[in-house]
Each structure stands twice: as structure tokens, then as C-alpha cells.
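Subject: Structure handover

Hello,

Here is the structure I promised to pass on. Please open it and keep it beside you while you read. My notes follow below.

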Amino acid sequence: MVKAGNDILFIAECKKWKGAQVYSQAITQLLGYLNWRNRKAALLIFVTGTKVSTVLNEIPATTVKHSYYSKTPPQQSPSWFKFKFKNPQDESLTIDLSVLVFNFQ
């Protein structure tokens, strides 16, 4: 979490890859931390024991099924995804969610 005074500027969540369902739950958990002022967040995914190519394919396929998913801007790199989500507290506001994948095989 990055704060300026009492304002939260940025929140990141770190998770080990444990499958698409746990990944989707991590998105929900992260969105739950945000309020109407928050516009940026990141989910850092650490991969061990699974082919990283499998994870890289499952992330976009799973993300678009999330209930607060809005759209997918151009991908930054093979292991850095950007998505837009509706803010659960005010669906007229959007959140930029970056998902970064780190391979620890």
C-alpha cells in the first residue's frame, strides 16, 4: 500500500498461483480494499509448480469472467496485463488493475 497522509494512492496484493478460481477470488479481495477514490491497483502473481504459459493463458480468460470486469487495454508485455474494472463502491468509476506474473520455477 502506498499512502500520502491519510490517502491511499495505490494498493497491491501478492498471491501464489493456485488456479483460476483462487485468482478470481484474489481480484475480489483486492477490489474490496479499494474505496471510491482509488483508481489504481496491482495483483502480483508468483508461479511455482505450474507451467507459466498455462498461467499466462488463464489470466485473461479468467479475468473477463469477473463480475466487475470492464475492458482490456493493450497488454504491456507477455507477463504484464492491464485491465479495467468497475469500482464495487461506485460502478460509474473505474479501476486500473495491473496483473504481473513472476515465474519462480
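First, a term you will need: a residue is called buried when its relative accessible area is under 20%, and exposed when that area is over 50%. Anything in between is partly exposed. Also keep in mind that this is a predicted model.

Take Val55 as a test of that term. Val55 has 0% relative accessibility, so Val55 counts as buried. You will find Val55 in helix 2. What does Val55 touch, leaving aside neighbours within four places in sequence? The contacts are Trp17, Val47, Thr50 and Val101. Lys15 is 40 residues from Val55 along the chain, and their C-alpha atoms are separated by 13 Å.

Now the whole protein.

The protein has 2 helices and 6 strands. Starting at the N terminus, their order is β-β-α-β-α-β-β-β. The radius of gyration is 13 Å, close to the 13 Å that the globule rule gives for 105 residues, so the protein is as compact as a globular protein of that length. The C-alpha trace spans about 40 × 25 × 25 Å along its principal axes.

Some totals are worth noting:

- Of the 105 residues, 32% are buried.
- The accessible surface is about 6,100 Å², and carbon and sulfur atoms account for 53% of that surface.
- There are 13 positive and 6 negative charges, and their mean positions lie 6 Å apart.
- Take the contacts between residues at least 6 apart in sequence: 53% of them join residues at least 24 apart.

Next, look at the core.

In soluble globular proteins, nonpolar side chains tend to be buried together. Here the largest nonpolar core has 23 residues. Which residues have the most contacts inside this core? They are Tyr23, Leu43, Ile59 and Val99. Five elements are listed as giving two or more residues to the core: helix 1 (20–33), strand 3 (40–47), helix 2 (52–63), strand 5 (80–87) and strand 6 (90–103). Helix 1 gives the most, with 5 residues.

Setting aside residues up to four places away in sequence, Val99 touches Tyr23, Leu43, Ile45, Ile59, Ser79, Trp80, Phe81 and Phe83. Tyr23, Leu43 and Ile59 are also among the residues with the most contacts inside the core.

Then go to Phe85.

Phe85 lies in strand 5. Is Phe85 buried or exposed? With a relative accessible area of 0%, Phe85 is buried. Its contact list, not counting residues up to four places away in sequence, is Ile27, Leu31, Thr63, His66, Tyr68, Tyr69, Ser70, Leu93, Thr94, Ile95 and Leu97. One of these is Tyr68. Phe85 and Tyr68 are 17 residues apart in sequence, yet their C-alpha atoms are 5.4 Å apart in space.

Two more residues show the other classes.

Ala12 sits in strand 2, which covers residues 7–16. Its relative accessibility is 32%, so Ala12 counts as partly exposed. Ala12 touches Leu30 and Ala42, with residues up to four places away in sequence not counted. Ala12 and Pro60 are 48 residues apart in sequence, and 18 Å separates them in space, C-alpha to C-alpha.

Where is Gln89? Gln89 is in the loop between strand 5 and strand 6. The relative accessible area of Gln89 is 52%, so this residue is exposed. Even so, Gln89 touches Leu34, Asn35 and Trp36, again not counting residues up to four places away in sequence. Arg37 is 52 residues from Gln89 along the chain, and their C-alpha atoms are separated by 9.9 Å.

Move on to Ala12, which is partly exposed. Finish at Gln89, which is exposed.

Best wishes

Key. Residues numbered from 1 in each chain as written. Predicted model: local features only at pLDDT ≥ 70, side-chain atom pairs only at ≥ 80, totals over all residues. Heavy atoms only, no water. Helix = DSSP H or I, 4+ residues; strand = E, 2+ residues; numbered from the N terminus. Rg over C-alpha atoms; globule rule 2.2 N^0.38 Å. Buried < 20%, exposed > 50% of the residue type's maximum accessible area, 1.4 Å probe, protein only. Contact = heavy atoms within 4.5 Å. Areas by Shrake-Rupley, 256 points an atom, 1.4 Å probe, with all protein chains shown as cover. Lys, Arg positive; Asp, Glu negative; His and termini not counted. Charge placed at Lys NZ, Arg CZ, Asp CG, Glu CD. Core = buried A, V, L, I, M, F, W, Y, C linked by side-chain atoms within 4.5 Å.
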